[in-house]
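Please keep the sequence and the model in view while I talk.

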Amino acid sequence: MTWFKREDNEIEPTPGHEVRTEGLWIKCEQCNKPLFKGELETNLQVCPNCGWHFKFSARQRIENLLEPGYELVDLELKSTDPLEFTDLKPYKARLAAAQKKTGLNDAIINAVGKIGEQDVVLSVMEYGFIGGSMGAVVGETIARAVDRALAAKVPLIIVSASGGARMMEGIASLMQLAKVSAGLAKLDDAGIPYISLMTDPTTGGVTASFAMLGDLNIAEPGALIGFAGPRVIEQTIRQKLPEGFQRSEFLLEHGFLDAIVPRKELKGYLLETLRWMTEARG
Ligand SMILES: [Zn+2]
């Protein structure tokens with residue numbers, strides 16, 4: 001026999017009264033200051049304290065640059081996994097997970113719309129989709145953006161955010177470099193402007209093709225831009241690399257970039273640039 005009988009009357013938390021703090025704050029990668037996520041969001045994912053540019057999703061970028069009424073296009077393409085590739089997990093499973101996470105079929109969105117009064121075709125890479133890697137779908141989608149710019153005779157802007165070619169598609173991913181570059185040469189022949197914006201990070205085969213082929217090659221502050229990683233280069237040339245190597249500021253200083261444009265000034269910068277580019281053309 002027990003002396004005391006305890007009724008099971010655990011206190012239920014009142015719904016809506018939980019105090020949740022985790023997930024609301026994020027530490028700045030650069031200055032280590034804790035930042036309120038909501039504030040970061042309204043500040044276009046730029047640290048209000050030190051100006052560090054956090055990654056910006058493709059959707060946010062399009063929303064930020066284009067006037068309301070733009071149209072998202074070429075979203076239907078999907079990778080067929082031609083090599084039936086498996087590394088730590090099957091490529092098909094990686095694709096499915098990335099599609100679920102981003103709501104996109106692959107690492108890119110094309111949009112047609114306006115910046116101010118200027119018609120543009122905008123192609124934006126999504127780093128959140130397998131590191132913004134470029135397989136056949138990304139290559140083909142960019143090629144379609146080039147075709148749209150050619151057909152409508154409007155300027156093309158490509159926003160890169162990529163770890164490079166998608167190794168799970170092997171040679172098919174490398175072929176995209178040539179395909180997109182050939183398309184951009186046609187755009188050049190037609191005298192249609194192409195502006196390349198490099199964001200953090202822009203590396204590998206993307207740097208080695210369309211990202212560096214702009215009539216104007218511009219970048220966000222502090223972005224990592226390069227072909228091979230610094231460790232590979234150090235081992236190859238057997239030299240220590242200088243401070244800030246492969247960041248936007250270093251590339252600008254050494255003549256690889258035309259300008260560094262902070263995110264908040266980007267739209268105004270593009271509008272002004274498109275105006276003088278199209279006036280000169282025509
Ligand atoms: Zn900061």
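This is a predicted model: local features need pLDDT of at least 70, side-chain atom pairs count only at pLDDT 80 or more; totals for chains, interfaces and linings use all residues.

**A helix and its surroundings**

Let me begin where α4 ends: the residue that follows this helix is Lys 153, and its phi is positive, near 55°. Residues are numbered from 1 along each chain as its sequence is written, and side-chain values use heavy atoms, with hydrogens and water left out. Helices (H or I, at least four residues) and strands (E, at least two) are DSSP runs, numbered from the N terminus.

Helix α4 itself covers residues 136–152, and its 17 residues reach 24 Å from the first C-alpha to the last, close to the 24 Å expected at 1.5 Å a residue, where the expected span is 1.5 Å times one less than the number of residues. Its buried residues include Val 137, Val 138, Ile 142 and Val 146, with buried meaning under 20% relative accessible area, exposed over 50%, and partly exposed in between (1.4 Å probe, protein chains only). What do the buried residues of α4 pack against? They pack against β4 (108–115), β5 (118–125), β6 (156–162) and α5 (170–189), contact being defined as heavy atoms within 4.5 Å.

Asp 74, in the loop between β3 (71–73) and α3 (91–102), has a positive phi near 60° although the residue is not a glycine, and at 10% relative accessibility Asp 74 counts as buried. Asp 81, which is also placed in the loop between β3 and α3, has a positive phi near 50° and is buried, with a relative accessible area of 4%.

Leaving aside neighbours within four places in sequence, the residues in contact with Glu 220 include His 53, Arg 61, Thr 199 and Ser 248.

In strand β7 (residues 194–202) we find Pro 201, which a cis peptide bond joins to Asp 200, with omega about -10°.

Finally, the largest pocket has a volume of about 170 Å³. Here a pocket is, on a 1 Å grid over the protein atoms alone, an open set of points where a 1.4 Å probe fits, with protein on both sides within 12 Å along at least five of seven lines, and lining residues have an atom within 4 Å of a point. Among the residues lining the largest pocket are Ile 225, Gly 226, Phe 245 and Gln 246. Gly 226 is also in contact with Gly 204, a buried residue at 12% relative accessible area, while Gln 246 is touched by Ala 228, which is partly exposed at 27%.

Key:
Grid points are joined across faces, edges and corners, and a volume is the space filled by probe spheres set on the points.
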